[in-house]
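Me: I've just opened this model and want to get my bearings. Take me through it bit by bit, please.

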Amino acid sequence: MTPPSSARCPALLVAAPASGQGKTTVTAALARLHARRGLQVRVFKCGPDFLDPHWHQLASGAPVHQLDLWMTGEADCARRLHAAAQEADLILIEGVMGLFDGDPSAADLAQRFDVPVLAVVDASAMAGTFGALAFGLQHYRPGLPWAGVLANRVGSARHADMLQAGLREPQDWLGAVMRVTLKADVGAARAAGALLPERHLGLVAAHELLDSQQRLDAAADALAATPLGQMTAQDLQRWAVDFPAPAHTAAVPALLAGRTVAVARDAAFCFIYAANVQCLTHMGARVVFFSPLHDAALPQCDAVWLPGGYPELHAAQIAANTGMQASLRAHVGAGKPLWAECGGMMALMESIALADGSTAPLWGLLPGQVTMQKRLAALGPQQLAVAGHTLRGHTFHYSTCDSSATVVARTARPGEVPAPDAGEALYQQGSIHASYFHAWFPSSPEAVAHLMGGVPL
């Protein structure tokens with residue numbers, strides 16, 4: 001019998017042996033398939049990912065939050081899962097990298113909350129080894145909750161039969177998604193060879209494609225032909241999980257009460273955790289959105305947040321918007337705070353050296369130049385100390401920055417102390433604070449209040 005303090009809901013953690021196996025497509029397809037059937041589906045993303053949630057939100061029709069036992073914290077994960085279980089018919093969590101990769105890993109999250117693992121395996125170049133891989137994923141760590149395995153990018157019905165025959169435990173077979181099906185004639189999908197196209201920072205965001213919904217429906221249709229996709233709401237109960245009510249936590253302090261925070265949001269500035277916006281409102285702020293690409297000026301506000309995104313893809317339009325440049329300059333000239341992270345910081349620099357060798361001007365509110373790289377320049381979890389408080393977050397960028405702005409702090413990896421030649425710099429120029437660091441605001445509302453000007457630095 002379910003304890004009265006728990007919320008019970010079918011749940012799956014969609015994992016894989018490595019990145020690039022099709023986790024995002026399968027998670028989004030499963031969400032879309034059951035949402036079309038009238039179920040309430042809530043999707044979460046394991047790890048600090050901005051792009052996959054765009055697809056999952058479109059597929060499920062509900063907000064998507066991140067779950068990470070370090071960055072967001074175990075208590076935050078427990079609260080969000082319990083709240084979702086109270087209203088949903090199905091909870092899906094997309095893993096990160098390979099099932100056991102990272103510390104904490106997707107497997108750690110699955111075991112902490114007893115969520116069964118659905119393994120997605122790219123079987124395009126294997127046969128009998130598929131069974132060995134599935135067996136290893138299931139039994140590598142004792143006590144891992146397990147749902148089964150789905151073969152992805154399968155060449156034919158005969159290929160699927162060979163894969164299924166290789167399983168030690170036949171009940172683990174949840175079907176095969178055919179490779180030809182996922183090259184469905186949906187816009188650019190045929191040419192790209194993938195239903196959800198990618199670029200240097202990950203998937204192309206759903207809102208950037210005119211046929212995003214068609215792509216999701218094509219993926220859902222492909223999944224509907226598998227045993228997994230044919231499961232009814234009653235069938236899904238085999239994976240029901242009890243999510244205990246979280247312990248009482250203190251209310252978020254209203255450190256931004258009475259203040260208006262303007263948040264950039266458009267194709268160039270789209271790396272926004274929904275929980276960060278939620279945190280600002282819980283702190284008492286009034287949040288307004290604006291587009292640095294299209295708006296001529298800032299809205300009336302007390303503080304500005306320029307999140308990350310793709311300024312390198314929109315450099316010409318950013319530089320051409322001289323009205324926004326002047327408005328930002330006036331905002332900073334009035335001593336009002338501006339927090340810029342990653343792509344937001346890049347846009348504030350004087351210029352950017354693009355991958356094709358050309359150089360483009362930017363807004364010039366910060367001294368220095370950004371240079372795009374062909375490979376990742378930094379990746380991983382980071383923490384930043386601000387006025388005695390610690391923000392958790394991560395870094396992930398393909399550019400480097402050379403700036404004479406004052407460095408007032410540096411990030412550090414979890415459990416380490418900042419060093420002058422490691423981590424990400426926190427630059428300060430007047431009322432601007434900027435860094436490649438992506439912050440998870442709920443980890444320290446007090447630090448956010450310093451950056452947004454509610455509390456003096």
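**Cavities, helix packing and a pocket**

Me: By class, what residues does the lining of the second largest cavity have?

Reply: Three nonpolar, two polar and three charged residues. Nonpolar here means Ala, Val, Leu, Ile, Met, Phe, Trp, Tyr, Cys and Pro, charged means Asp, Glu, Lys and Arg, and the others, Gly among them, count as polar. Bear in mind that this is a predicted model: local features need pLDDT of at least 70 and side-chain atom pairs count only at pLDDT 80 or more, while totals for chains, interfaces and linings use all residues. Numbering starts from 1 along each chain as its sequence is written, and side-chain values use heavy atoms, with hydrogens and water left out.

Me: Which residues line that second largest cavity?

Reply: Gly131, Ala134, Phe135 and Gln138, plus Leu167, Arg168, Glu169 and Asp172. A cavity is a set of points on a 1 Å grid over the protein atoms alone where a 1.4 Å probe fits but cannot get out, and a lining residue has an atom within 4 Å of a point.

Me: What volume does the second largest cavity have? And how many cavities does the structure hold?

Reply: Its volume is about 50 Å³, counted as the space filled by probe spheres set on the points, which are joined across faces, edges and corners. The structure has three cavities of 30 Å³ or more.

Me: Switching to helices. At what angle do α1 and α2 cross?

Reply: Roughly 15°, and the axes of α1 (residues 23–36) and α2 (residues 52–60) come within 8 Å. So α1 is roughly parallel to α2, a label for angles under 35 degrees, with over 145 roughly antiparallel, 65 to 115 roughly perpendicular and the rest oblique. Axes are lines fitted to C-alpha atoms over the stretch in contact, with angles from 0 to 180 degrees between N-to-C directions. Helices are DSSP runs of H or I with at least four residues and strands are E runs of at least two, numbered from the N terminus.

Me: What about α3 and α4, at what angle do they pack?

Reply: About 35°, with the axes of α3 (residues 69–87) and α4 (residues 106–113) 12 Å apart. The crossing is right-handed. Leu69, Glu74, Cys77, Ala78 and Leu81 of α3 touch Asp108, Leu109, Arg112 and Phe113 of α4, giving six nonpolar, no polar and three charged residues.

Me: New topic, the second largest pocket. How much space lies in it?

Reply: About 590 Å³. A pocket is an open set of grid points with protein on both sides within 12 Å along at least five of seven lines. The lining has 29 residues, and Asp76, Arg79, Arg80, Val252 and Pro442 lie nearest the centre.

Me: Which element gives the largest share of that lining?

Reply: α3, with ten residues. The lining divides into 14 nonpolar, nine polar and six charged.

Me: Which peptide bond is cis?

Reply: The one from Asp103 to Pro104, with omega near 10°. Pro104 sits in the loop between β4 (90–94) and α4.

Terms used:
Left-handed = near helix turned anticlockwise from the far one by under 90°. Contact = heavy atoms within 4.5 Å.
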